[in-house]
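Subject: Structure for you to look at

Hello,

Here is the structure I said I would pass on. Please open it and keep it beside this email while you read.

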Amino acid sequence: LQGDWSSDVCSSDLGSGEFDFGPGVTLEKWFGNWRFLVRGSYIFCGSSSDNYESGSYEPEDHFTCEAETGWQFTDSLYSALSLYGAGELSEGSEEPLEGRVRVSWSPLPDVRLEAYYSRGFSDGSPDNGAGLAVFHDF
């Protein structure tokens with residue numbers, strides 16, 4: 001089981017500043033160096049159109065799902081391909097669907113650096129995306 005929690009820190013034109021949260025389930029299995037993962041969550045959006053100056057965007061509660069296949073190259077290097085989708089994020093919006101390539105490297109036992117590239121397959125996803133993340137285990 002997993003829990004998702006996030007906060008939108010954008011201005012009222014781009015976000016609400018409210019918290020989104022939701023329960024989820026992740027199933028994961030390793031076969032040697034291969035990893036297979038399926039994840040699903042239901043996200044409760046903690047915002048309403050009252051929080052926006054324009055009032056033109058109101059997030060909706062929605063399901064998210066992800067399937068991933070990855071390969072552990074070394075103890076510190078992992079790479080994966082995944083497919084991510086979600087329900088309608090706001091009324092009248094397209095449902096996002098995208099593919100992702102992710103690389104994770106651990107230079108220290110408690111530190112992990114990740115980079116990803118994504119490609120959208122629906123009008124609800126950006127055509128291309130990329131990101132970097134730093135994780136520290138306590």
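Predicted model: local features only at pLDDT ≥ 70, side-chain atom pairs only at ≥ 80, totals over all residues.

Several strands contribute to the lining: β3 (34-45), β4 (62-74), β5 (77-86), β6 (97-108), β7 (111-120) and β8 (128-136) each provide at least two residues.

His62

His62 belongs to strand β4. Is His62 buried or exposed? His62 counts as buried because its relative accessibility is 11%, and the cut-off for buried is under 20%. Its side chain comes within reach of the backbone oxygen of Glu60, at 2.9 Å. Leaving out residues up to four places away in sequence, His62 touches a set of residues that includes Ser41, Tyr42, Ala86 and Leu89.

Trp30

Trp30 sits in strand β2 (residues 19-31). With a relative accessible area of 36%, Trp30 is partly exposed. The side chains of Trp30 and Glu28 make a polar contact at 3.2 Å. Beyond its neighbours within four places in sequence, Trp30 is in contact with Arg35, Gln72 and Tyr78. Take Gln72 from that list: Trp30 and Gln72 are 42 residues apart in sequence, and their C-alpha atoms are 9.8 Å apart in space.

Regards

Conventions: Residues numbered from 1 in each chain as written. Heavy atoms only, no water. Helix = DSSP H or I, 4+ residues; strand = E, 2+ residues; numbered from the N terminus. Buried < 20%, exposed > 50% of the residue type's maximum accessible area, 1.4 Å probe, protein only. Contact = heavy atoms within 4.5 Å. Polar contact = N/O pair within 3.5 Å; in protein donor to acceptor, adjacent residues only side chain to side chain.
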